[in-house]
Amino acid sequence: MNTHPPQPEQLVSTVKAGPGGAMTDEVGVITGDLTIATRLLADGRAHIAVQYTDADEWYVLTGSPVPVPAEGLAALHEQVLERVRHGGGADAQG
């Protein structure tokens, strides 16, 4: 019997990037008001995408995909948000 609650498939949050912003594969560092999406993949890793809030284009946060920690997808999402708030070219790996 599974006693764990179901994991969300994707978490999306907005965040203000700290000085030095977040590092993306496609365009390098992006700064300002960003939206972060952490999506669970079938292989148990998580894909992390970032965009300027309200923009159309999404970028891969450098280092993504990453393993989901034992604490779960929500914990990983919060860790990524904290790194982006800190800035310094934040990536998915920490």
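User: Which residue forms a salt bridge with Asp43?

Analyst: The model is a predicted one, in which local features need pLDDT of at least 70, side-chain atom pairs count only at pLDDT 80 or more, and totals for chains, interfaces and linings use all residues. Residues are numbered from 1 along each chain as its sequence is written, and side-chain values use heavy atoms, with hydrogens and water left out. A salt bridge here is a side-chain nitrogen of Lys or Arg within 4 Å of a carboxyl oxygen of Asp or Glu. With closest N and O atoms 2.8 Å apart, the partner of Asp43 is Arg45.

User: How many salt bridges are there by this rule, and which one involves Lys16?

Analyst: The count by this rule is three. Lys16 belongs to strand β1 and its partner to strand β4 (residues 33-40), so that the pair links distant parts of the chain, 17 residues apart, where strands (E, at least two residues) and helices (H or I, at least four) are DSSP runs numbered from the N terminus. The closest N and O atoms are 3.9 Å apart in the bridge from Lys16 to Asp33.

User: Is Lys16 buried or exposed?

Analyst: Buried means under 20% relative accessible area, exposed means over 50%, and partly exposed lies in between, using a 1.4 Å probe and protein chains only. Asp33, at 47%, is therefore partly exposed. Lys16, at 55% relative accessibility, counts as exposed.

User: Which side chain is joined to that of Ser13 by a polar contact?

Analyst: Ser13 is found in strand β1 (residues 10-16). A polar contact is a pair of N or O atoms within 3.5 Å; within protein, one must be able to donate a hydrogen and the other to accept it, and residues adjacent in sequence count only if both atoms are side-chain atoms. At a distance of 2.8 Å, the side chain joined to that of Ser13 is His77.

User: Is Ala46 buried or exposed?

Analyst: Ala46 lies in strand β5 (residues 45-52), and beyond neighbours up to four places away in sequence its contacts (heavy atoms within 4.5 Å) include Leu73 and Leu76. At 0% relative accessibility, Ala46 counts as buried.

User: What is the radius of gyration of the protein?

Analyst: The protein has one helix and seven strands, running β-β-β-β-β-β-β-α from the N terminus on. The radius of gyration is taken over C-alpha atoms, and the globule rule is 2.2 Å times the number of residues to the power 0.38. That rule gives 12 Å for 94 residues, so the protein is as compact as a globular protein of that length, its radius of gyration being 13 Å.
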